[in-house]
Amino acid sequence: MHRCMASIRRWRMSGQRRRVHALSTHSRSSLAQRSRFLCVSSFFCVTLRASRTFARLAHFMSDDPIEASMHSSRRTFLHRAAGTAATGLLGSAPLAVTASCVAERGPAPPRPAAGRKIQAIAFDAFPIFDPRPIAALAEELCPGKGASLSDAWRTRQFEYTWLRVAAREYADFWQVTADALAFAERALRLDLGEERRARLLGAYLELEAWPDALPALASLKRAGLRLSFLSNFTPRMLGAAIERSGLGGLFDRVLSTDLARTYKPDPRAYRMALDALGLEREEILFVPFAGWDAAGARWFGYPTFWVNRLGLPAEELGVSADAAGAGLNDLVEFVTAGA
């Protein structure tokens, strides 16, 4: 009996030693992985915390039943959009893994009502105005570092808009753009100086239209459609671009989200077109430049045509644009085919 009990004790101790050894080996092998994960996830923690705050607050931003149903979808959007912004490619590059892994998928909104005719088109700024000269100027002023500066600047520009909406600490898009440039300059250890900094900011007041913009807009007007901007740009930024591009008189409304003291993809921003144009959601076609903006508009309930000038894949957010094309001529064909 004593020999039997001794054997059992030796067997248990041997098993414990094996488990301790296995755990030790596992700990060593996973330590580097955990360290790498923490380094990546720490970059996103502030933005993700802000998106959770926005999700908790979102349910009382509107009493509209469709907007109320967007609560879980907005939470999904802001988690994933944090990863999108971190790529820094004009606000609509593929999603970062860290952000998308923690997101929840919300229900897709109802599709636009069949047979309802489009009466108006609401444009984001960049399907109309070409932002490429800003990046070209960055490279001219900072040879060899222009691309990095543009990416860092654009990334923080959008992250700051989302964080300010989540925290209810509004600043207009011009101020956000200046703050984002200041951060990018420090992050890259550059010394732009006052003159170069002013030139980069001023480039936003010197944007001109893409070559296909004027003929496409004229065609849409001849078709009897009402045209509007619905942009995060300030009124001053929109006015300057419209004047430089010779587009005055083509737009029935020029809507800046600054008037609502918020930014897309907040539903309050998308709602501005409904209030200004006096139409139903299904009667307004929204035209974004960025994939995240297409998702936000679809969640709101707008029919959406994505002008995907960069040829990027659609965001993995559970919704997609009704149609997409490489330029505004494709938009005209889409609209006139459904007339």
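Biologist: In which loop does Arg-189 lie?

Modeller: Please keep in mind throughout that this is a predicted model. Arg-189 is placed in the loop that runs between α7 and α8.

Biologist: Why is Arg-189 called exposed?

Modeller: The label exposed requires a relative accessible area over 50%, and Arg-189 has a relative accessibility of 75%, so it counts as exposed.

Biologist: What makes the phi of Arg-189 worth a remark?

Modeller: Most residues other than glycine have a negative phi. Arg-189 is not a glycine, and yet its phi is positive, near 55°. Arg-261 is another such case, a residue that is not a glycine but has a positive phi of about 55°; it is found in the loop between β3 and α11, and with a relative accessible area of 54% it is exposed.

Biologist: How do you know that the bond between Lys-264 and Pro-265 is cis?

Modeller: The omega of the peptide bond that joins Lys-264 and Pro-265 is about 15°, and the bond is cis. Most peptide bonds, by contrast, are trans. Pro-265 belongs to the loop between β3 and α11, the loop in which Arg-261 also lies.

Biologist: What makes β1 and β4 paired strands, and in which sense do they run?

Modeller: Pairing requires at least two bridges between the strands; β1, residues 120-123, is joined to β4 by 4 bridges, and the two run parallel. Within that pair, Ala-120 stands opposite Ile-284 and Ala-122 opposite Phe-286. β1 also pairs with β2 in the parallel sense, over 4 bridges, and there Phe-123 stands opposite Phe-229.

Biologist: Why are β3 and β4 called edge strands?

Modeller: The open sheet has 4 strands in the order β3-β2-β1-β4, with parallel pairing. β3 (253-256) and β4 (284-287) each have a single partner strand, so one side of each is left without a neighbour in the sheet, and they stand at its edges. From one strand to the next, the twist averages 20°. Helix α10, residues 235-245, lies across β2 and β3, at about 140° to β3.

Biologist: Which way do the residues of β1 point, and are they buried or exposed?

Modeller: Ala-120 and Ala-122 point one way from β1, whereas Ile-121 and Phe-123 point the other way. In a regular strand the side chains alternate between the two faces of the sheet. Buried means under 20% relative accessible area, and these residues of β1 are all buried.

Biologist: Which residues of α8 are buried, and what covers them?

Modeller: In helix α8, residues 193-202, the buried residues are Leu-200, Leu-201 and Gly-202, and their cover includes α5, α6 and α7.

Notes:
Residues are numbered from 1 along each chain as its sequence is written. This is a predicted model: local features need pLDDT of at least 70, side-chain atom pairs count only at pLDDT 80 or more; totals for chains, interfaces and linings use all residues. Side-chain values use heavy atoms; hydrogens and water are left out. Axes are lines fitted to C-alpha atoms, for helices over the stretch in contact, and angles run from 0 to 180 degrees between N-to-C directions. Contact means heavy atoms within 4.5 Å. Buried means under 20% relative accessible area, exposed over 50%, partly exposed in between (1.4 Å probe, protein chains only).
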